[in-house]
Each structure stands twice: as C-alpha cells, then as structure tokens.
Amino acid sequence: MMDREVIISAIKEVAAPYTQDKEALDQLSETTSFITDLKINSANLVDIVLDLEEKFGIEIDNDSMAKMLDVKSTLDVIEAKLAEIDRQ
C-alpha cells in the first residue's frame, strides 16, 4: 500500500497547474478543499481526476469522482482503487 504522504504529494503536484491560490497549495493537507481553498473550478477538477487516473494507473468512476472535492476524499478514493488493484 502506498503511503498517504506520497499520495498527498502526488495530488499536490497534479493540482498545481490548475490552482489559482499558490499559497493554499503550499499548505495543502487532508482538509484542503479543491474548490474553496485552491479555487479550482469544476472543469479543472475533472482534469485533475483524469491526471490522477493516469498517474496512479487507476480508473475512477463517476460516483467516486463526485466525492473528490477535497484532499481527504480524493486520498480515500485513490487508496480504495489501489487496494482493488492489489487484490487482483
């Protein structure tokens, strides 16, 4: 299982080009909201999800994508998907 800090670091890297608030990005944590803290719009949020799919080699369904509004929820989805791959 991948370390949560490693995944957070990857989320930060993927979110960086879409983030309007660089200071909030520097302080990114599990409680960070993509929309209210990082000022990322919903179209770019989809781009982030697609980038995360590519980065981790996972597929994120629409139901999971709808939950990925903050870092913690995104972490939980990525960890669950990686665990599914581990079980295969």
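Modeller: Helix 1 and helix 3 are oblique to each other. Bear in mind that this is a predicted model.

Biologist: Why are helix 1 and helix 3 called oblique?

Modeller: Their axes cross at roughly 130°. Roughly perpendicular covers 65 to 115 degrees and roughly antiparallel begins over 145, so an angle between those ranges counts as oblique. Helix 1 and helix 3 therefore get that label.

Biologist: How close do the axes of helix 1 and helix 3 come, and which hand does the crossing have?

Modeller: The axes come within 10 Å, and the crossing is right-handed. On the helix 1 side the contact is made by Ile7, Ala10, Ile11, Glu13, Val14 and Ala15. Helix 3 brings Ile48, Asp51, Leu52, Lys55 and Phe56.

Biologist: What does Phe56 touch, leaving aside its neighbours within four places in sequence?

Modeller: Phe56 is in contact with Met2, Ile7, Ala10, Ile78 and Leu82. Phe56 is also one of the residues that touch the most other members of the largest nonpolar core, along with Ile11, Phe34, Leu38, Ile40, Leu52 and Ile78. That core has 26 residues. Helix 1, helix 2, helix 3 and helix 5 each give two or more residues to this core, and helix 1 gives the most, with six.

Biologist: Thr19 lies in the loop between helix 1 and helix 2. What makes Thr19 count as buried?

Modeller: Buried means under 20% relative accessible area. Thr19 has 5% relative accessibility, so Thr19 counts as buried.

Biologist: Ser33 lies in the loop between helix 2 and helix 3. Is Ser33 buried or exposed, and how do you know?

Modeller: Ser33 has 16% relative accessibility and therefore counts as buried, with the limit again at under 20%. Its side chain is joined to that of Thr36 by a polar contact of 3.0 Å. Leaving aside neighbours within four places in sequence, Ser33 is in contact with Leu38, Leu69 and Asp70.

Technical notes: Residues numbered from 1 in each chain as written. Predicted model: local features only at pLDDT ≥ 70, side-chain atom pairs only at ≥ 80, totals over all residues. Heavy atoms only, no water. Core = buried A, V, L, I, M, F, W, Y, C linked by side-chain atoms within 4.5 Å. Buried < 20%, exposed > 50% of the residue type's maximum accessible area, 1.4 Å probe, protein only. Helix = DSSP H or I, 4+ residues; strand = E, 2+ residues; numbered from the N terminus. Contact = heavy atoms within 4.5 Å. Polar contact = N/O pair within 3.5 Å; in protein donor to acceptor, adjacent residues only side chain to side chain. Axes fitted to C-alpha atoms, helices over the stretch in contact; angles between N-to-C directions. Parallel < 35°, antiparallel > 145°, perpendicular 65-115°, else oblique. Left-handed = near helix turned anticlockwise from the far one by under 90°.
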